[in-house]
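The answers set values against cut-offs before they conclude.

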Amino acid sequence: MAEAFKFELVSPERLLVSEQVESVVIPGAEGEMTVMAQHAPVMTTIKPGVVTIKTAGGKEERFVVFGGFADILPSGCTLLAESATHVNDIDRADLARRIQEAKEDAADAKDDESRSKAEQFLSQLTTLEGALLPA
Amino acid sequence: MASLKDLRNRIASVKATQKITKAMQMVAAAKLRRAQEAAEAARPYSERMGAVLANITQAIGGGGDAPALMTGTGRDDVHLLIVCTAERGLCGGFNSQIARLARDHIRRLLADGKQVKIICVGKKGYDILRRDYASMILERVDLREVKTLGFVNADAIARKVIHLFNEGGFDICTLFYSQFRSVISQIPTAQQIIPAGAAGSTAPEATSGGNAVYEYEPEPGEILSDLIPRNIAVQIFRALLENAAGEMGAKMSAMDNATRNAGDMINKLSITYNRQRQAQITKELIEIISGAEAL
């Protein structure tokens, strides 16, 4: 059995998860990454996506996050999410609203840089929606 | 002297008032607990955020690529004050304390020849500041419809502030709110949030892993430029939560006082009422007796 480490998922409203886990899959801004114990210290921004946790007990849990940061140390991992919900509790209307907002942002963007940023965010959101729909 | 009937009415009305204040006190107590829980639940995030921020600023080491939100514009001519107060009154000196602190600050800044802009969060602060500084108020954020304070509310305010900053609308931004110490003590506080440098002193020291060599993904500068706006939103969120808890605490003690005052008043009025009733009985007796003696 893999070594366990401490994982914390925090949103501004509350602390969602704080337990010993075997591995965590984080949707990093530059690609998904699986974090296990003794990982080298990394700090990364995360994009909207699904965080998959494998607890020390062997259970698997999935959370949807919308942007944030991950602070990874050999001793543990802290994920600061802008907003996080358990996959089972995700509100599809809310997701649709976010996508709508992102579309508006992309349409309203004044310069190329902010437009490409908004479009990137939008595509991340739609991928997320696609990943969740069959579930 | 008021007649017996007047006194009776008076007592009845004070009793009714006492019932209301008592009910308000109980409502405030229930809400206080919820607000306190919310404030406590939000604490881990802001603490970790502070730690991450400390780590990353250490990594960058005040290099040239720190975003302007952190270093400031290098001037301090235009000040933006975000004054957070409650939406409702009847909570003792809570709102006026915050407003007084803000007003003192404004007066000092104006005396130094600075320009002041104000964003009011909450109706009461707006009502107080409007009297003297109506022309400086840029905006009033209304949170009355909001039942449970969410991060989105704070984020919306932070976005406005950052937008204004990017347009060069101000140089320094200070947040006014009330720190929640206990039910009877709320401390009005001014906290500078832009540039963030000064606020960094309140951030906790880097975590135990602080001296570890971090790998950054993407570049530290990029992370930082994403992190700072979020940190501002978190600061505002925390201020709003503390305010919510403080307001309820202040309301609770104010209503407790009011209930006690009403009780005192009822006692006094009842004594007067009884005395007067007794006096009237005595008078009537005297009349009867002297009438009987005259026969």
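This is a predicted model: local features need pLDDT of at least 70, side-chain atom pairs count only at pLDDT 80 or more; totals for chains, interfaces and linings use all residues.

The questions and answers below go through the two chains and the contact between them.

Q: Why is chain A called as compact as a globular protein of its length?
A: Chain A has two helices and nine strands, and along the sequence these follow the pattern β-β-β-β-β-β-β-β-β-α-α. The globule rule gives 14 Å for 135 residues and the radius of gyration of chain A is 16 Å, which is close to that value, so chain A is as compact as a globular protein of that length. Its C-alpha trace spans about 50 × 30 × 25 Å along the principal axes, and buried residues make up 33% of the 135 residues.

Q: What does the radius of gyration of chain B look like when it is set against the value for a compact globule?
A: For 295 residues a compact globule would have a radius of gyration near 19 Å, but chain B has 28 Å. The C-alpha atoms of chain B fill a box of roughly 115 × 45 × 30 Å along the principal axes. Chain B has six helices and six strands, which run α-α-β-α-β-α-β-α-β-β-β-α from the N terminus on, and 34% of its 295 residues are buried.

Q: Why is strand E7 (residues 68–73) of chain A called largely enclosed?
A: A residue is buried if 20 or more other C-beta atoms lie within 10 Å of its own. Six of the six residues of E7(A) are buried, so the strand is largely enclosed by the rest of the structure. A:Gly68, A:Ala70 and A:Ile72 point one way and A:Phe69, A:Asp71 and A:Leu73 the other way, and all are buried.

Q: How do you know that E7(A) pairs with strand E4 (residues 42–46) and strand E8 (residues 76–81) of chain A?
A: Two strands pair if at least two bridges are found between them. E4(A) and E7(A) have five bridges in the antiparallel sense, with A:Thr45 opposite A:Phe69, while E7(A) and E8(A) have six bridges, also antiparallel. In E8(A), A:Gly76 is the bridge partner of A:Leu73, and a hairpin of two residues joins E7(A) to E8(A).

Q: Why does B:Ala190 count as partly exposed?
A: The cut-offs are 20 or more C-beta neighbours for buried and 12 or fewer for exposed. B:Ala190 has 15 inside 10 Å, and therefore counts as partly exposed. B:Ala190 lies in strand E5 (residues 186–194) of chain B and, leaving out residues up to four places away in sequence, touches B:Leu101, B:His105, B:Thr174 and B:Phe176.

Q: What makes up the side of chain B that touches chain A, and which strands pair across the contact?
A: The contact takes 23 residues from chain B and 22 residues from chain A. Helix H1 (4–60), strand E6 (215–217) and helix H6 (220–294) of chain B each supply at least two residues of the chain B side, and the largest share, eight residues, comes from H1(B). The residues on this side divide into 17 nonpolar, two polar and four charged. Three bridges join E4(A) to E6(B), and these strands run parallel; with at least two bridges required for pairing, E4(A) and E6(B) count as paired. A:Val42 stands opposite B:Glu215 in E6(B).

Conventions: Residues are numbered from 1 along each chain as its sequence is written. Chains are lettered from A and ligands numbered from 1 in the order in which they are written. Two residues are in contact if their C-beta atoms, placed from the backbone, lie within 7 Å. Helices (H or I, at least four residues) and strands (E, at least two) are DSSP runs, numbered from the N terminus. Ala, Val, Leu, Ile, Met, Phe, Trp, Tyr, Cys and Pro count as nonpolar, Asp, Glu, Lys and Arg as charged, and the others, Gly among them, as polar. The radius of gyration is taken over C-alpha atoms; the globule rule is 2.2 Å times the number of residues to the power 0.38.
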